[in-house]
Amino acid sequence: MARRVSVPELIGRRAELAALRAALADAQSDGGALVLVQGDAGVGKSRLVSAFVRGASGTGVTVLTGGCLQFEADIPYAPFVEALRGLPDAPSLLATGSASGDRAAEFRRVADAIAGAGGQRPVVLVLEDLHWADASTRDLVLYLHRALAHAPVLQVATLRGDEVGADHPVAKLVADLVRSPRAERLTLAPLDRSEVIALAQAILGGPPPADMVDALLARAEGNPFFTEELLAAWPTRGAVPGTVREVVITRLARLSTAAQQLARLAAVVGRSVPHDLLAAIAPLPAAELDGALRELVDHGQLVTVEPDAYRFRHALIQESLYRDLLPGERRHAHARVAGALRDHPERAVTGSAAGVAAELAHHWDAAGEPAEALAAAVLAAGAADEGLAPAEAHAHYERALRRWPEVADPGIAEDPLLERAAEAASLAGRNHRAVELTRRRLALLDERAEPERAALVYEQLSYQARSTGDWELARATSERAVELVPADSPARLRIASWPMALEMLAARFRSCIRRAEELLPQAEAAGDDMAVNRSLMSLGIGHLMLGHVDTGLEFLRRQNEFARRVGNPRFIGVGYVNMPEGLMWTDRHLEALALAREGVRRSAELGFDIYLLPIVGNVIRTLVELHRWDEALDADADPDDDPAADPFNWIFVDLPRAYVLIRRGELAAAEELLKRTGFVLDGQDDVQYGTELSTLRALLAARQGRWADARATVRDGLRLALAAEDMYLTARLVSIGVQVEADAADDARAAGLTMNIGSATAAADALLADLRGYLSTLESGGAVSLPRTHRAVALAAAERTRLGDPVPDAWAALADLAGVDRHLAGYARFREAEALLLGRGSRNRAAAALATARTIAAELGAAPLRDMIDALSDRARLTPAAAPQPSSTVDAHGLTAREAEVLELVGRGLTNAEIATELFISTKTASVHVSNILRKLGLKSRIQAAAHAQRRREGD
């Protein structure tokens with residue numbers, strides 16, 4: 001007979017339990033707090049939280065508990081459905097799986113329900129197994145942490161640290177949470193030898209033999225669950241089981257046949273099993289069922305859960321039993337569960353309509369029943385749609401599409417199924433998949449018989465294609481939509497508004513303004529929300545980029561107000577993309593940053609995943625322009641966060657980061673980012689981002705001395721830029737082109753090579769002439785250059801002076817004009833000093849200019865600029881100015897707080913990947929930090945850095 005498991009009191013977790021109690025006290029006195037309890041599977045997270053909850057409940061605290069579920073396609077909001085079940089006025093989003101259509105309002109209702117659950121008493125919300133959280137649950141967790149900031153609510157979430165690496169979808173959520181001063185992360189370590197002895201003694205009732213302790217430590221490595229299971233399965237003879245699965249199966253074999261059968265059936269249901277569902281699927285008489293259940297509970301396989309359910313004592317037990325089933329046994333068991341749920345949906349694990357539908361879809365699919373799986377998946381997807389959970393809806397639609405060809409009478413036509421799947425994929429940020437699905441729709445349509453319907457499909461395909469960066473397909477399908485739509489069609493205005501939006505995106509601002517001015521009153525009169533939204537956006541961006549700042553910002557504000565009034569997540573999301581960008585273009589950086597960060601926060605409420613990365617890109621770009629470069633590189637976004645996301649969206653993040661990396665001399669890292677961007681944009685006439693890519697590629701090539709490549713890249717970029725109407729990007733690219741000519745001439749002279757200065761001068765003059773003609777044409781049509789355009793034009797003119805007689809005042813004037821652009825100011829002061837020295841001007845003025853430039857370079861960590869300054873100082877034998885005092889954000893060695901943190905981890909021997917996991921940043925960002933540390937400290941290797949870290953610790 002198997003040894004009965006007597007679960008001992010909490011061992012070895014006093015500090016962690018005290019931390020949870022302190023967090024509850026903080027939440028009660030100062031408002032909402034959150035604790036992430038992290039550790040390997042079986043390390044004791046749930047037991048710690050249970051001990052804390054028992055103590056808290058005894059003081060009158062209200063405890064709400066829910067767990068995330070492990071399904072192939074997720075159940076939206078599953079832990080909240082469980083936690084809030086039974087509360088009066090439960091939010092409709094959780095109670096029924098449907099919502100009002102306003103995700104933000106539904107999230108607010110959830111927050112109010114949680115905050116009000118305790119009356120005047122504190123509330124503890126426990127979320128188990130956060131590593132299995134669906135996308136909508138992750139959004140709601142993040143929202144609640146902010147929304148409950150002033151409520152006496154403590155959120156406690158458990159997650160498996162060994163399953164949440166840097167590329168796990170929950171890693172981004174954790175990174176966002178732990179940045180908050182109201183969040184704490186508790187990492188549970190394995191038990192040490194003395195604690196293992198105490199655990200064994202509590203279970204055995206006496207001291208364990210030394211050889212048993214040695215074996216426990218060797219096998220379980222201090223994992224409490226595995227240790228307990230080993231003790232329960234300890235053989236009187238033979239080998240000790242070596243894995244958790246072996247231990248679980250060994251213990252189960254000692255129970256009765258009925259108990260074994262029941263445990264395996266329960267494992268098919270999941271971690272939690274309602275009693276009525278288990279009774280319905282178990283082929284056992286009532287008395288035998290009760291006896292088998294008693295046996296499983298007594299021997300620690302199951303624990304009872306209020307009001308009428310069971311739960312595996314640990315998820316590893318359920319996982320081990322499920323993996324031990326043969327394929328035929330699994331299918332048969334899943335079919336029994338699905339049949340029972342079909343007949344009695346009230347017996348489902350979850351209480352929402354979305355949850356019941358998702359459970360049915362999961363079990364019918366696993367049972368190998370295509371017709372039932374298809375029908376349930378469509379219901380689950382629809383429920384997820386109503387619950388404003390596009391990522392989950394997309395997963396269910398994909399299951400339905402997979403099963404659709406296998407069903408003779410599917411109950412839904414292929415076209416509407418494809419349409420819903422494509423829309424969900426697009427909203428979830430999977431436009432490559434949306435394009436595939438919409439192309440399949442077109443193959444089913446007869447354009448001549450249904451021209452209006454075909455036109456709408458082409459318009460959707462064009463939008464999806466543009467969202468992947470495929471301009472050729474976007475233009476072709478947009479033109480086809482306009483050709484097909486009948487003149488009297490109600491869809492005519494919507495179809496007409498998309499080519500106008502494409503013109504805006506292609507920087508054809510004058511034309512898009514003309515179209516929008518004509519279309520807006522028609523769209524408002526007809527009540528066509530899509531056409532109204534696109535018209536307002538086109539007028540806002542168009543006017544702003546032509547320098548009509550007040551008019552442009554007013555239209556963008558109108559679009560924001562319209563989007564909020566209509567409540568369409570796409571409209572709101574695109575507003576959070578374009579308004580911050582407009583503010584940034586007008587040098588209103590702090591406003592732009594605040595609004596972009598608000599957009600990132602609200603993306604969780606509103607579910608516009610498709611726009612999240614562009615909004616994060618605006619955060620990064622604004623931080624770059626504010627010269628908060630460490631923050632920009634650390635901003636939490638990396639393709640590993642979501643490998644299925646559209647590659648096009650990463651250009652918003654990669655381009656501004658590449659700029660910083662080039663300015664800091666991290667050329668290899670910058671080159672990788674530009675290669676990834678080029679993979680998306682090369683061959684596509686994307687004016688805005690293609691021109692920026694050309695600018696950065698030319699700058700990188702010049703840094704690497706690849707002059708021919710730099711010139712060719714400038715020419716390619718100008719082919720796009722001069723045909724469009726983005727004055728700043730064009731002027732910026734021209735300034736780089738002139739700089740390339742001047743740098744190439746300097747490089748040739750330094751190498752003692754003969755240089756045809758006339759050829760370089762002619763090339764620079766041609767670039768400047770093109771720019772003057774381009775700007776003159778636009779200005780004659782009413783365009784006005786923005787201040788950043790003036791800066792770029794002045795830079796181009798100053799760079800031209802390097803090919804003739806030195807003109808220090810041109811650079812001094814540029815430095816004064818630079819304003820918010822600190823790097824430009826530092827670069828201009830360096831060139832001012834260079835021109836003074838070349839022209840035999842004032843050495844004192846040159847030294848002062850170099851000192852200013854050096855201060856800026858040091859503040860920014862701009863290594864190439866610093867090196868040029870130092871080289872000029874050496875050549876001119878100028879006394880170096882005093883090094884700037886470290887600011888409050890750096891230590892005595894010039895390391896930022898983040899770099900000091902990374903250095904400490906290097907000192908502990910962690911690799912870049914391990915550092916990334918520890919800090920929840922990307923491996924690339926960790927690598928950049930390590931490189932910066934080595935450069936700042938003058939070290940050559942990680943070994944030297946580790947030694948330095950040790951000395952720092954000893955010095956402390």
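This is a predicted model: local features need pLDDT of at least 70, side-chain atom pairs count only at pLDDT 80 or more; totals for chains, interfaces and linings use all residues.
Two strands are counted as paired when DSSP finds at least two bridges between them.

The account opens with an open sheet of five strands, arranged in the order E2-E3-E4-E1-E5 and paired in parallel. From one strand to the next, the twist averages 15°. Within this sheet, strand E1 (residues 33-39) runs parallel to strand E4 (residues 153-160), and seven bridges join the two.

Strand E7 (residues 302-305) runs antiparallel to E8, and four bridges join them. E7 and E8 form a hairpin, with three residues between the two strands. Val-305 has Ala-309 in E8 as its bridge partner. Strand E6 (residues 272-274) also pairs with E8 in the antiparallel sense, over three bridges, and Ser-272 stands opposite Arg-311 in E8. The side chains of strand E8 (residues 309-312) can be followed in turn: Ala-309 and Arg-311 point one way, while Tyr-310 and Phe-312 point the other way. All four of these residues, Arg-311 included, are buried.

Rolling a probe the size of a water molecule over the atoms shows where empty space is left. The count comes to three cavities of 30 Å³ or more, and the largest cavity holds about 640 Å³ of space. Its lining consists of 35 residues, of which Tyr-659, Arg-663, Tyr-728, Arg-732 and Asp-821 are the closest to the centre. By class, the lining of the largest cavity has 19 nonpolar, seven polar and nine charged residues.

Several helices contribute to this lining. Helix H30 (612-625), helix H32 (651-663), helix H34 (687-703), helix H36 (727-750), helix H38 (787-801), helix H40 (822-838) and helix H42 (863-876) each supply at least two residues to the lining of the largest cavity. H34 gives the most, with seven residues.

Val-687 is found in helix H34. Because its relative accessible area is 4%, Val-687 is classed as buried. Leaving aside neighbours within four places in sequence, Val-687 is in contact with Ala-506, Ala-507, Arg-508, Leu-720 and Ala-724. Val-687 and Asp-726 are 39 residues apart in sequence, and their C-alpha atoms are 8.3 Å apart in space.

The other residue, Thr-801, has its place in helix H38. Thr-801 has a relative accessible area of 16% and is therefore buried, given that the term applies under 20%. When residues up to four places away in sequence are not counted, Thr-801 touches Val-807, Ala-810 and Trp-811.

Methods: Residues are numbered from 1 along each chain as its sequence is written. Side-chain values use heavy atoms; hydrogens and water are left out. Buried means under 20% relative accessible area, exposed over 50%, partly exposed in between (1.4 Å probe, protein chains only). On a 1 Å grid over the protein atoms alone, a cavity is a set of points where a 1.4 Å probe fits but cannot get out, and a pocket is an open set with protein on both sides within 12 Å along at least five of seven lines; lining residues have an atom within 4 Å of a point. Grid points are joined across faces, edges and corners, and a volume is the space filled by probe spheres set on the points. Ala, Val, Leu, Ile, Met, Phe, Trp, Tyr, Cys and Pro count as nonpolar, Asp, Glu, Lys and Arg as charged, and the others, Gly among them, as polar. Axes are lines fitted to C-alpha atoms, for helices over the stretch in contact, and angles run from 0 to 180 degrees between N-to-C directions. Contact means heavy atoms within 4.5 Å.
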